[in-house]
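Trainee: Please take me through one part of this model slowly. I would like to look closely at the metal site and what surrounds it.

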Amino acid sequence: MLLRKDYEMRERDVLAPYAMLSGESRGREYKEPACRFRSAFQRDRDRIIHSEAFRRLEYKTQVFVNHEGDYYRTRLTHTLEVAQISRGIARSLRLNEDLAETIALAHDLGHTPFGHSGEEALDNIMKKFGDRFEHNEQSLRVVTKLEYRYPEFPGLNLSFEVLDGISKHDEKRRVTLEAEIVNLADEIAYINHDLDDGLKSGLLKFKQLREVPLWQKLFKEVRPLYPTVPESIWKYQIIRRLIYLFVTDLQANIKHGIEKKKIRTIEDVNEKGRELSSFSLPLQSEISNLNTFLTENLYHHPRVRKEMDKATKIIDGLFDKYLKKPNLIPALFNRQIKATKERRICDYIAGMTDRYASDKYERLI
Ligand code: MG
């Protein structure tokens, strides 16, 4: 039988000297005995999967709202794709796959219903109260404060390295390559699945993508190989090449940076890890073309915007209602943590799924 001690030993044997070893974790805020079977990061992953916030990702919008169809990504399937890509890259660079997977599974837990428009709406409301809303900070808040399952402590009491990975904009955090990789895997995942979903929905057209040089180059490669298949199969064949290209570019670029900057220890990573985790310069410009294309043609598409306006109306309406009648918020949610009335309402709404928020709106307003 494999025990935690065996995993820890295995990590020491197999992983790179600049990987974050679970046996070297700085621990947890509230002391707990270690698990006999699982490493610290494996245990954290399990806690995240069992959390309420994780299950709700299934009914939270990525780009297309839930009722638009079964094909499209939700926050949950997006998260699984990020985890899969992160694990692959971490494994190939002899980094800690468990840590990368765990951070990936938690990276979007703080997302509001209705995607970015939900986030924007909550942020605009909170600004009026001299506060802000930001989804990364909210992910951290979910796992350190809002999840309530353990009587001994608030949140999930995750390892510090996982928390550092989730709070990606905090300047004081300790940098690991595992966390940096998740950040980039997030970008690989969303660019590719948004192209896929965008084409499937008809909001993006194959023809339009001709203006994106990288897409066009791959299209020219794929078409002669499969001249008779439908467009949707070309799409899959282009996207799998895109993902492969992004992943292999990232692997090579990080490896190159590690050698060039003489990264040997986890301390070196903390100092220089941020600068060495990126795509190569030529690919960065291709990715920026793709991002601009998606923003102009998909994220700002009138049909997507219409849904966004609806989302803003729902979030604004709910916030107003709970402000006037705070006792509508369930007692169990209202219990814990010290927070202003506004922050509590914000936390409550941010935790809702799309359909729950719509349903509440219909019933209360
Ligand atoms: Mg994400």
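Mentor: Donors are N, O and S atoms within 2.8 Å of the metal (3.2 Å for Na, K and Ca); water is not among the atoms, so sites may look incomplete. This is a predicted model, in which local features need pLDDT of at least 70 and side-chain atom pairs count only at pLDDT 80 or more, while totals for chains, interfaces and linings use all residues. Residues are numbered from 1 along each chain as its sequence is written, and side-chain values use heavy atoms, with hydrogens and water left out.

The donor residues of the magnesium ion follow the spacing H-x28-H-D-x77-D. H78 and H107 each coordinate through NE2, D108 and D186 through OD, at 2.2 to 2.5 Å. H78 and D108 link distant parts of the chain, 30 residues apart: H78 sits in helix α4 (residues 75-92), D108 in the loop between α5 (97-106) and α6 (115-128). Helices here are DSSP runs of H or I, at least four residues long, numbered from the N terminus. Both H78 and D108 are buried, meaning under 20% relative accessible area with a 1.4 Å probe, protein chains only.

S139 counts as buried because its relative accessible area is 0%.

Technical notes
Helix = DSSP H or I, 4+ residues; strand = E, 2+ residues; numbered from the N terminus. Buried < 20%, exposed > 50% of the residue type's maximum accessible area, 1.4 Å probe, protein only.
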